[in-house]
Amino acid sequence: MVAEQATETAMPPTATDATERVAQPSRAPFDEPVTDWRQRHLLDVDTLSKDEILRVLSTASAMAEVLDRSVARTPALRGVTIFNLFYEASTRTRSSFELAGKILGADVINVSGSGSSVEKGESLVETLNTLSAVGADAVVMRHHASGAPWLASRTIDGHVINAGDGQHAHPTQALLDAYILLQEFGDLTGRKVVIVGDILHSRVARSNLWSLTTLGAEVTLVAPRPLLPAALAPGATEREHPLSLPSVQIESDLDRAIVGADAVMALRIQNERLKGKLLPSSAEFARRYQLTAERIAKASPDAIVMHPGPMNEGVEIAVDVAHGAQSRIEAQVSAGLAVRMAVLFLLIRGGA
Amino acid sequence: MTTMLIRGGRLVDPASSVDAHLDVMIVDGRVAQIGAQLLPADGMEVVEANGLVVAPGFVDLHTHLREPGQEHKETIASGARAAARGGFTTICAMPNTEPAMDSAAIIDGVLQRARDVDCRVLPIGAVSKGRKGHELTELAALRDAGAVAVSDDGDAVADTSLARRAFEYLSDIGIPLAEHCEDPAIAQGGVMHDGAVSARLGLRGQPAAAELSIVQRDITLAEAAGAQLHCCHLSTEPSLLAVADARARGIHVTAEVTPHHLCLTHEAVAGSGDDLLYDTNAKVNPPLRTEADVQACIDALAAGVVEAVATDHAPHAAIDKQCEFDAASFGISALESAWGVVNSLVDSGRLTLSEAIERLTIGPVRAWNLDRGDLTGLGTLQVGAPADLTLLSTDAVSRVEPASWASMGKNTPLAGHTLVGVVAATISQGRIVWDGREH
């Protein structure tokens, strides 16, 4: 069984492993019940153990094999109804969740904030009750309010998968980022990961903090003070608060932080935040925080460049870096599909 | 002539430094006699207070009654019933109704509606027309109609020039400006305290500096104008220090804290388990702060820097809280749990019983100079004072169960918490308005 093999490996394959495994014949790999998965929802990665993260990622590499087939289809979730409930615009997350469900044989129904009862003023709780009543097995949810998926998990019977809530969490993005990093480095213990840009407003950064530290990486956050949560700023009280984000390095100087980094992740910054109210200008931001070839040269020679997208090329990342040899940005998008297939499969076929 | 004897209790009246086993006789809505082992006359109603503390009825400087305009959240009558259950016999109604209490006619209407309810209602007028922060209301007319203070509570008087003129104009009107100390330019729509928990939850934070900014500005303006500043619901250590400092310099500044800022931190939003709660019942403005701030509020209350516990009772309908955290209304329904919170501080040794009762009675009365005219003696139990009393248990333990409350607002993060202290009975203007004693 490919899936079991993957569990024993407990690690997504490095490039060589993947080649070996693709060479093996894939028999229907997802027919057996999943007996070792106990999470009912995927709200964030902060509640996942290292083993659980690795379990998702090994399942994702098995899913990647399905995607390599000439007809990429498996009936693992046949008869399952998944609602994609998106209150915010999204291209890659929404389409990859939709495709993930369809490849696994599920019925996938898209509900968006516009063109639905939401526009008529229906409350979130009412919308969720409606989806529950029509038999949603799982709801994939993107919402502008932080915490909305937690409300959903207490409201509906089915599984809830957080596809991004406000400025809070984006667990599948963090998992696909971990997938890329493990594929690259095999093990993240002691690996130096730099996340740079708009930390304050970033759900990607928050979720990555949890998964990367759980996997043993040394994380440095780089941002100007207005783009950093006050609690992470130098001199903040309550740094040891039990509810705090994981304790990581905080740095305001990218040129210093990037030295020797194994991976550098740029975050999207919204243009309206660069018009003088929050930060002086786009050019000023680029001067200090843009990922340029010159800066990447200070990182480890094998360093990779990541970005959750959508990119503002020429703002947080230079065009040549975004498309250069060290960039894994396109690979991130491809990995997103396999990771989301794995998440849907484990939650719905798991024991919880 | 109606008469009543409250006997067998321990009378605690901080205004007159009395703490003794004394009985109270009431005649026609006023305290007629106080003494040991008074004998009831024929036909006199006798209220047994054995084992209970007999205190002046509580005075709340900060209550939201929602009427007119939002009667689905609370009415004057239901809010007054909740007050009675909480031991309050006088509540000051904030003007953020719909329409706002920004004219003598609307204040008059509120007083009419409050005439026969279970406690005394003293209205607070708006500082600005419609609470919009642009033009001053007719402040003297509001006072003459019965307003005991003015406030745009819910919002600060953000426009500094309007705040300056309000303080100047109020300097000879004789009522305080009760300020909601939150600088909107700093708070920027924050939905909870800006700190470790907001960073974790990805919620927009409201920095402590937003409170201090207005406290400092208003101290400056009140001093320059020679008017009274009353700081509503202070929640941060630096603000409390600023008030103490201003008071020491002789500036007329008074302050209140709420029960929830005396017992809860911003952790209440997240809850204590693995499952993040995003508890909308803990969404309140000013937000619940850090443990250091809670301790500073308790210390300031004990030291008398803060002279009043005020509830900021803010009832909401269930639908206003059963939603996304960002979309939920701010506010905590607080009248019926206030005594339990404050007495729990007595139980844990942070306040004396006399201090606790003082901050709920004569403390607020003096802060706003309410002891005048018909209200002479308010907040005390002296002969001639209004017959407003509350009978308190200081050791009974009870769970907070909002479902059983009189308030229409069941929104409290204290639901299920255990508090020490129960309001056994309340007498308002000589009438028993709440009796929860075990018979």
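Two residues are in contact if their C-beta atoms, placed from the backbone, lie within 7 Å. The exercises below use this cut-off on a predicted model.

**Exercise 1.** State which residues Leu344(A) is in contact with, leaving aside its neighbours within four places in sequence.

*Solution.* Step one: set aside the residues within four places of Leu344(A) in sequence. Step two: list the contacts that remain, which are Leu77(A), Ile82(A), Ala100(A), Gly101(A), Leu104(A) and Ala138(A).

**Exercise 2.** Decide whether the radius of gyration of chain A agrees with that of a compact globule or departs from it.

*Solution.* Start with the length: chain A has 352 residues. A compact globule with 352 residues would have a radius of gyration near 20 Å. Chain A has 20 Å, so the value agrees. For the extent, take the C-alpha trace of chain A, which spans about 55 × 55 × 40 Å along its principal axes. Chain A has 13 helices and 9 strands, and 51% of its residues count as buried.

**Exercise 3.** Describe the side of chain B that touches chain A, by elements and by class.

*Solution.* Begin with the residues in the contact: 23 come from chain B and 25 from chain A. On the side of chain B, the elements that give two or more residues are helix H6 (196-201) and helix H9 (267-270). H6(B) supplies the largest share, 5 residues. Sorted by class, this side of chain B has 12 nonpolar, 5 polar and 6 charged residues.

**Exercise 4.** Locate the two domains of chain B and describe how domain 1 touches domain 2.

*Solution.* Domain 1 of chain B is made of 3-53, 386-404 and 418-435, while domain 2 covers 57-375. Their C-alpha centres lie 27 Å apart. The contact takes 22 residues from domain 1 of chain B and 27 residues from domain 2 of chain B. On the domain 1 side, strands S17 (389-399), S18 (418-428) and S19 (431-435) of chain B are the elements that give two or more residues. The largest share, 6 residues, comes from S18(B). By class, the domain 1 side has 13 nonpolar, 7 polar and 2 charged residues.

Key: Residues numbered from 1 in each chain as written. Chains lettered and ligands numbered in written order. Predicted model: local features only at pLDDT ≥ 70, side-chain atom pairs only at ≥ 80, totals over all residues. Helix = DSSP H or I, 4+ residues; strand = E, 2+ residues; numbered from the N terminus. Nonpolar A, V, L, I, M, F, W, Y, C, P; charged D, E, K, R; others polar. Domains from an automatic or database assignment. Rg over C-alpha atoms; globule rule 2.2 N^0.38 Å. Buried ≥ 20, exposed ≤ 12 C-beta atoms within 10 Å, placed from the backbone.
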